[in-house]
Structure formats: C-alpha cells, structure tokens
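Morning, everyone. I'll take a few minutes on one structure. Please have a look at it first.

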Amino acid sequence: MVTSDDTKESEHRGSNVENPNRRNLLAGALGVGVAALASAPLSADEDKKSNKEFAGRTAFVTGGARGIGLACAQSLAKAGANVALYDVADQLDSVNYPLATNEDLANAKEAIEAHGVRCIAIKGDVRDGRKQRSVMQEIAKDFGGLDFVIANAGITQIGPIELFSDDDISTVLEINLAGAIKTVQGAVPIMKEQQRGRIILMSSVTGRSGSASFPIYSASKWGMIGVAKSTALHLGNANVTCNAVCPTLVKTRLLDNDYILSSLARGMGIDGKLDFDDFDKAARDRHILPVGFFDPDVVADTVKFLCSDAASMISGDVFDIAAGANAQFPA
C-alpha cells in the first residue's frame, strides 16, 4: 500500500501549527501546504466582502490531483472555498495505467491557489482510514470547519469477470468502495459536531446499470450509491446531506490510456490500440444527446450545485450525468 508515514492522532490533538509532525502530516511527501496552514480562516466580514458563494468554507477532495477530482476542486475554489486535495500521487502495483504523480498534485495545488484561496495538498491512500480521519480533523481545526467532502478517488480494471485475480478484485473494491466509506467515516464526527455539511460520492452510470467490460468497477460504483443513501439517513438530523453523482463517459486518464484502449480494441476484434476518436464515436452512439466524451467540468458543475444552498433539501439522491443515456434506465 502506498502512503506516507502515519502520525498518531493523539500527537495532533492540541498541537499548534509549528509542530513539525503536524506539518509533515498535512504537507505529505510533497512538502506542500504548510504555508496555507499559517494563516487564519477568513473572518465573517471578509466573507461578506468577497461576494463568493463558498467564501470561508472548506472542501476535502480525494483523487484531487487530476481529472474529475481536480475539476470539482477548481469549481469550488472559484466560488471561494479553500481546498484540501488528497491523492495517492504514486503508482500502485495492481493498476495497469498511469496514476497521478507528485508533479500532478503540486500542479493541482498551484491551480487551486490561482483562484485566490488556500490549498493544502496531501499525499495519501484512501485505503488508510486512520490517516484520512487524522488529516480531516486537522483541516477542520485549521480552516474552521469542514463543509464539503467529495469522495472521488477511484481506479478501474477492464475485462470479463472470470479473468480478474484476487489482487485485481481487492484493489478496485478497497480503493473505490472501502476507500469512499473511510472518507465518509472521517467526515461524520466533524459534521455531526458542527451540525452542517455536504458529502458527495462519485459513482458512475455503471453504478446504475451493469457492465460486461468493467464488472468489478461497476460493482464498486453500485455500492457507493448504497453508502450515499445510508449516510443520508444517518446524518439527516445533523443537517448534513449526502448524495451520489453518476457520470457517463468523461475524458480523463481513467479511460484515455493505452491499457483501456488496447483492451477495448481486442474486444472489438481490432488489431492494435483503439484510437480515442473511435472511442469517442462509440460514446456518441451510447448517448442520447449529441455528445461523446465530455470534460470533467460538466461533472464539477453538478457537484458544485449539490454543495450550494439551492440543494439544501436534496439528500440520499442519485444524479445521473449521462447525456441522456439514463433515459433508457427503468424509472
């Protein structure tokens, strides 16, 4: 498992910003984010002057170094939210395509800060629930709360169900589903205490219908919907909402890589690698609206809405971002 060194939670309770152990936890292996901790949260007067919807609020985004996670973080930052990015930023043995890197995470931090908000970048594996809980507690202390939690981290494997090894199955389920559960576990005590918060789990259209090519991934995304609904029931009395978002084909490195494109080509009887333009044409056939793959910003717009005051009465729900393909699902 790829994580930076753990630091006991007890070492952080009551500590101040100058504690080097605390700095290491929040900065991670990149050594980023320490400067952001030194400044105090925005005051109420500063919030009012900013005229930004989420000014003074804080978001925690897993898988935030690139793709949908980064798009969500950017959307919230544009609206004034401070952001904590949490990403493994390293390669895992059971993942057959390139994951985000240290450089991606550092660049993501810079991109968030360009919106005039504070950002901390933490290198960590969502399978490590203890670390996630500790990091979230520190973020809530230093930024004055934890308003938005986006459980986005995820990986995929492709192929018929009988071909997956034990390690393949465990990796997908432990990161996508168990990892999201651990993210929620970290947020619950904080949001209960502050009596507010929004939790959003990144599911998929394959969490609403089966997939012969992505069966383990699909199973993990079905499970995330159950986690979202269960969490909504659990936290309703604490004024906390929880919803799931189900994107269709989004242009990210999760699908746009040699491993996925070569595997799809073999399934279609194509010699070599499927060209991404051909993949995009197949997406257009799947969708009802005249689009193929779309940008992560489209998903981020829905996430931002679910974090807004306009969505305060929406909880335990599932939002398909499927370019009309969901019109073919049962009601």
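Start with strand β2. Both of its faces are covered. On one side sit Asn82, Ala84 and Tyr86, on the other Val83, Leu85 and Asp87, and all of these are buried. Why two sets? Because side chains in a regular strand alternate between the two faces of the sheet. Counted along the strand, 6 of the 6 residues of β2 are buried.

A word on the source: this is a predicted model.

Now the neighbour. β2 pairs with β1, residues 58–62, in the parallel sense, over 5 bridges. Take Val61: its bridge partner in β2 is Leu85.

On to the largest pocket. How much space lies in it? About 1000 Å³. The lining has 49 residues, and the closest to the pocket centre are Thr156, Tyr217, Thr252, Leu254 and Leu255. β2 comes back here. Together with α4 (67–78), α8 (215–235) and α10 (276–286), β2 (82–87) is an element that supplies at least two residues of that lining. Which element gives the most? That is α10, with 5 residues. By type, the lining divides into 26 nonpolar, 16 polar and 7 charged residues.

Last, the whole chain. It has 11 helices and 7 strands. There are 331 residues, and 54% of them are buried. Of the contacts with a separation of 6 or more, 75% are between residues 24 or more positions apart. The chain exposes about 14300 Å², and carbon and sulfur atoms supply 50% of that area.

That's my part. Over to you.

Definitions and conventions: Residues are numbered from 1 along each chain as its sequence is written. This is a predicted model: local features need pLDDT of at least 70, side-chain atom pairs count only at pLDDT 80 or more; totals for chains, interfaces and linings use all residues. Side-chain values use heavy atoms; hydrogens and water are left out. On a 1 Å grid over the protein atoms alone, a cavity is a set of points where a 1.4 Å probe fits but cannot get out, and a pocket is an open set with protein on both sides within 12 Å along at least five of seven lines; lining residues have an atom within 4 Å of a point. Grid points are joined across faces, edges and corners, and a volume is the space filled by probe spheres set on the points. Helices (H or I, at least four residues) and strands (E, at least two) are DSSP runs, numbered from the N terminus. Ala, Val, Leu, Ile, Met, Phe, Trp, Tyr, Cys and Pro count as nonpolar, Asp, Glu, Lys and Arg as charged, and the others, Gly among them, as polar. Buried means under 20% relative accessible area, exposed over 50%, partly exposed in between (1.4 Å probe, protein chains only). Contact means heavy atoms within 4.5 Å. Accessible areas come from the Shrake-Rupley method with a 1.4 Å probe; for residues, only the protein chains shown count as cover. Two strands pair if DSSP finds at least two bridges between them.
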